[in-house]
Amino acid sequence: MIFASRAHPNATVSFREAVFTGLASDGGLYHPVNPPDLAPLVRRFEALESFQEVAAEAGAALLEPEMDGERARALARRALPFSPVLRRLDEHVLLLELFHGPTCAFKDFGAQFLAASMEELLGDEKRRIQILVATSGDTGSAVAHAFHGRSGIDVVILYPSGRVSALQEQQLTTLGGNVHALEVKGSFDDCQRLVKEAFQDATLRARLSLTSANSINIGRLIPQCLYYVFAATRRGELGDEAPTICVPSGNFGNLTAGVYAWRWGIPVRGFVAATNVNDVVPVYLRSGRFDPRPSVRTLSNAMDVGNPSNFERLTQVFQGSWEGMAARIEGRSVDDPRTLATMRQIHERHQVLVDPHTAVGYAAARDHLAGPGPRGDGRTVPSSPEQVIVLSTADPAKFTETVVQATGVSPRMPGRLARCLALPKKSQVVGTSLQELSRFLLDRFA
């Protein structure tokens, strides 16, 4: 695969170049300009039983010829020893549990693959690189754990003070070593802006080797396609119908990965973009107007994004056509009271605890199944055999307080989460100016 920014489609780069530069020199996001054709491999994927086998074969198809097939298969197996779990809730809705990795969140798939890829591609090079990441929740912890202790790589994580859960903060601030946490006195949008400004700053680019592990880095987005390939080809669960996939969405990298997989030939009926009240994209899908605005704090904090970066990639896929995007993606938004009610409903009906982001996705999926209109009652049963896969993005234990508030039940705490709670926090508070961030980066790494 080769990549280019939207503004300069002829200035193409390799996967390696895209991974290590993060953003194009013009400040744009890289997107694939020679999309692979996975359609001939669908039957083969359907016959493979494990996620690791699917990830290895799909990874090889995506990375060849830049990386030979066996090397790409070995990379995928090494990076992704954990698996998604497809759990059926009822006749029409399934959860794709993506929280069985090291930090109990879906971000582990992209972060672990990116870390393994960078380590593989750096090889015996002596240079040191600096990874700059903005997080609204789980990205920071996933990246911190994926890159912790890797030689030749430093990680700087920017997170909004007071706007991530206590457990998320512990996960990303307690590792130390080559992982540096910056507590920004602002919102996630401020963190994201600072990262973009840093990449465009001539002094920083000249004196440091900056790259990113946010979903703005195509090297983290591409491996997220792999669990869409796996889920959409599980014929034993889905029958012969292509599924609709409902994606809890904040910065829209996860949905973009799913749209890529569909565009490359994986059978998907359509998508539901599920947001909380930060509904810039659902509004666009209904009206054709994209009006970014400051984010609002909600229970589903990882989705508190008022100006999603990956909207640029989505518009590129659909060649700027609002009608084209709206024909394939339906937007739904869910507020906090309904999020809590949905968490309680899922537990009462199915004896399953879910985090607030998954609850937003489930509520949006029920609305989709109920038919047209801004909101369904969650009880209407469609006449079609439509199957909706809701991406379950985090272990409920990462949001214990909210789960208890909604259900009265405390979720089981995985051991890998419990261990970080006893560790001391290591972070530095910074403001929202590029000057302050630049000073930290140059003092520490130049």
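1. **Ground rules.** This is a predicted model, in which local features need pLDDT of at least 70 and side-chain atom pairs count only at pLDDT 80 or more, while totals for chains, interfaces and linings use all residues. Residues are numbered from 1 along each chain as its sequence is written, and side-chain values use heavy atoms, with hydrogens and water left out. Helices (H or I, at least four residues) and strands (E, at least two) are DSSP runs, numbered from the N terminus.

2. **α3 against α10.** Helix α3 (residues 51–63) and helix α10 (residues 218–232) have axes that come within 9 Å and cross at roughly 130°. Axes here are lines fitted to C-alpha atoms, for helices over the stretch in contact, with angles running from 0 to 180 degrees between N-to-C directions. The two helices α3 and α10 are therefore oblique to each other; angles under 35 degrees count as roughly parallel, over 145 as roughly antiparallel, 65 to 115 as roughly perpendicular, and the rest as oblique. Their crossing is right-handed. A crossing is called right-handed if the near helix is turned clockwise from the far one by less than a right angle, and left-handed if anticlockwise.

3. From α3, the residues F51, V54, A55, A58, G59 and L62 meet I222, L226, Y227, V229 and F230 of α10. Contact means heavy atoms within 4.5 Å. By class, the contact of α3 with α10 has 10 nonpolar, one polar and no charged residues. In this scheme Ala, Val, Leu, Ile, Met, Phe, Trp, Tyr, Cys and Pro are nonpolar, Asp, Glu, Lys and Arg are charged, and the others, Gly among them, are polar. As a reminder, an α-helix has 3.6 residues a turn, so residues three or four places apart point the same way.

4. **α4 against α5.** Here the packing angle is about 135°, and the axes of α4 and α5 lie 9 Å apart. That makes α4 oblique to α5, and the crossing is right-handed. On the α4 side the contact is made by R71, L75, A76, R78 and A79, and on the α5 side by Q112, F113, A116, S117, E120 and L121. These residues of the contact of α4 with α5 divide into six nonpolar, two polar and three charged.

5. **α5 itself.** Helix α5 (residues 107–122) has 16 residues and reaches 22 Å from its first C-alpha to its last, close to the 22 Å expected at 1.5 Å a residue. The expected span is 1.5 Å times one less than the number of residues. Helix α5 is mostly covered, with 14 of its 16 residues buried. Buried means under 20% relative accessible area, exposed over 50%, and partly exposed in between (1.4 Å probe, protein chains only). After α5 comes G123, with a positive phi near 55°.

6. **α6 against α7.** The axes of helix α6 (residues 138–147) and α7 come within 8 Å and cross at roughly 30°. Helices α6 and α7 are therefore roughly parallel to each other, and α6 passes α7 in a left-handed crossing. The contact is made by D138, G140, S141, A144 and H145 of α6 with Q168, Q171 and L172 of α7. By class, the contact of α6 with α7 has two nonpolar, five polar and one charged residues.

7. **Two residues of α7.** Q168 lies in helix α7 (residues 166–173) and is buried, at 0% relative accessible area. Not counting residues up to four places away in sequence, Q168 touches G137, D138, S141, N301, K398 and F399. A166 is also found in helix α7, but A166 counts as exposed at 59% relative accessibility.

8. **H347.** This residue, H347, lies in helix α16 (residues 336–350) and is partly exposed, with a relative accessible area of 23%. Leaving aside residues up to four places away in sequence, H347 touches V352, L353, T407 and V409.

9. **Backbone points to look at.** Most residues other than glycine have a negative phi, and most peptide bonds are trans. C104, not a glycine, has a positive phi of about 65°; C104 sits in the loop between β5 (93–97) and α5 and is buried at 0%. F252, also not a glycine, has a positive phi of about 70°; F252 is in the loop between β10 (244–248) and α12 (253–263) and is buried at 3%. A cis peptide bond joins E64 and P65, with omega about 0°, and P65 is in the loop between α3 and α4 (69–79).
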